[in-house]
Amino acid sequence: MFRILLAVAVAVLAQPVAAQDYPSRPVRIVFPLAAGGGGDVFSRALADELQKTWHQPVVVENRPGGGQNIGARACAEATPDGYTICVMSSEPAVYNQFLYKTIPYDPDKNFQPIANLFFNTLSVVINSETKVKTFAEMIAMAKDRPGKLSYSTFSFPATVFMDKLNKAEYTDIVKVPYKGGGEVVNAVLGGATPIAVLALSNMVSLLQSGRITPLAVVANSRSPLFPNVPMLAEVRPGAEFPPTWFGLFTPSGVPRPIVEKIAADVDRIMAEPAFRKHMYTDRGVEPAAERLDAFARFVRSERKIAQQIVKESGQEPR
C-alpha cells in the first residue's frame with residue numbers, strides 16, 4: 001500500500017515539472033482536411049507562432065478523407081502526452097456520430113477540448129463565368145439546368161439547407177464531396193463544381209478580384225469585407241443554420257498541467273493584435289472565446305444541437 005501511495009504522490013508531483021519542461025521535442029498538429037483550405041491556413045499560422053513560443057518544431061499533418069473521420073481517429077489514437085494536438089471542425093467533433101452508423105472514435109471520451117479557435121463565416125458562392133449575380137439568378141439557372149449543377153460544402157447544416165432549397169424550388173443541385181477547402185475553390189474556379197457554401201477565409205482575394213461571385217453570407221450581419229453582399233436571411237427569409245467552428249483538442253488523458261499550458265499559450269497568440277488582424281479580420285473569420293472547461297461545455301451543447309439537426313433532416317446514418 002505504501003508503495004502505491006508513494007507512486008501516486010510521485011506522479012502527481014511530477015506533472016507540474018512535466019508541464020514546465022513541455023515541450024522538449026517536436027509537436028504535431030493533426031488536421032483532418034487537405035492542405036490549402038481556411039482551417040489549414042489557420043493551423044499553419046498557429047503552428048508557426050507556437051514554434052516561436054516553444055522553441056520546438058510544430059508541424060501540421062494533414063489527414064483528410066472519410067468525412068474527416070480519418071484525421072479524428074489519428075488524434076484519438078495518439079499517445080496522450082501533449083505531443084499530438086489536433087485542430088478539428090464541428091463535423092467530426094459533434095456531427096459525425098449522428099451521420100455514420102459507426103465511427104472509429106468516441107467524440108465525447110477520446111478528446112480533451114482545449115480552445116475554440118474560430119467561427120467560420122460561410123458564403124454561398126458561384127463561378128463568375130456563369131454570369132450569375134444574385135441568389136435568385138442561381139435558382140433560375142438551376143431550374144433551367146436540372147441535375148446539371150453541383151455544389152460542395154463541409155458543413156452538414158449547409159447540406160441540409162441545400163436539400164431544403166432543392167425541395168422548395170424543385171431544383172436538383174447535386175452535392176460533390178472534396179477533401180479540403182482548396183480543392184473546392186479549384187473546382188469552383190474550374191467550373192467542375194460551380195457552386196459552394198464555403199468559408200470566406202478560403203477565398204477572400206478571389207471574391208475581391210471577381211473570379212468567384214458571392215451570392216449571400218451566412219451570418220447575423222453583413223460581412224465588413226463584403227458589405228454589398230446580402231445575408232442569407234435577406235435572400236431566403238427564415239433560412240439560417242449554425243456556423244462551422246474549428247477547435248483545438250488533444251487526445252484524452254493528457255496531463256492537466258500540459259493541457260493548461262497549451263491553452264494559455266494559444267490564448268496569448270490569439271490575443272496578439274497582428275495575429276488577430278491577419279488571421280481574423282482580414283479573412284472574415286470570427287474569433288471564439290471558449291477555453292478548457294468552458295469549451296468542453298460548448299462542445300456538449302453543440303452536440304445536442306447537432307443531434308437535433310440531423311434528426312430533423314431525416315437523414316439516416318450511412
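**Group meeting: salt bridges and a covered helix**

Okay, so the protein chain has 12 helices and 11 strands; those are DSSP runs numbered from the N terminus, with helices being H or I of at least four residues and strands E of at least two. The radius of gyration is 21 Å, close to the 20 Å from the globule rule for 318 residues, so the chain is as compact as a globular protein of that length. That radius is taken over C-alpha atoms, and the globule rule is 2.2 Å times the number of residues to the power 0.38.

Before I go on, this is a predicted model, where local features need pLDDT of at least 70 and side-chain atom pairs count only at pLDDT 80 or more, while totals for chains, interfaces and linings use all residues. Residues are numbered from 1 along each chain as its sequence is written, and side-chain values use heavy atoms, with hydrogens and water left out.

Back to the overall picture. The C-alpha trace spans about 80 × 40 × 30 Å along its principal axes. Buried residues account for 53% of the 318, where buried means under 20% relative accessible area, exposed means over 50%, and partly exposed is in between, using a 1.4 Å probe and protein chains only. Take the contacts between residues at least 6 apart in sequence: 77% of them join residues at least 24 apart, a contact being heavy atoms within 4.5 Å.

Now the charges. We have 34 positive and 30 negative side chains, and the centres of the two sets lie 2 Å apart. Lys and Arg count as positive, Asp and Glu as negative, and His and the chain ends are not counted; each charge is placed at NZ of Lys, CZ of Arg, CG of Asp or CD of Glu.

Let me walk you through a few.

Start with Arg44 and Asp40, whose closest N and O atoms are 3.0 Å apart. Both sit in helix α2, residues 38–54, and they are 4 residues apart, about one turn of the helix. Arg44 is partly exposed at 33% relative accessible area, whereas Asp40 is buried at 3%.

Next up, Arg303 bridges to Asp108, with the closest N and O atoms 3.4 Å apart. This pair links distant parts of the chain, 195 residues apart: Arg303 is in helix α12 (292–313), and Asp108 is in the loop between α4 (90–99) and β4 (111–120). Here Arg303 counts as buried at 10% relative accessibility, and Asp108 as partly exposed at 47%.

Arg256 lies in α10 (256–271) and Asp293 in α12, so the pair ties together parts 37 residues apart in sequence. Arg256 is partly exposed at 33%, and Asp293 is partly exposed at 42%. Elsewhere on the list, salt bridges with shared partners join Arg28, Glu61 and Arg63 into one network.

Among the buried ones are Tyr95, Phe98 and Leu99, along with Glu91.

How values were computed:
A salt bridge is a side-chain nitrogen of Lys or Arg within 4 Å of a carboxyl oxygen of Asp or Glu.
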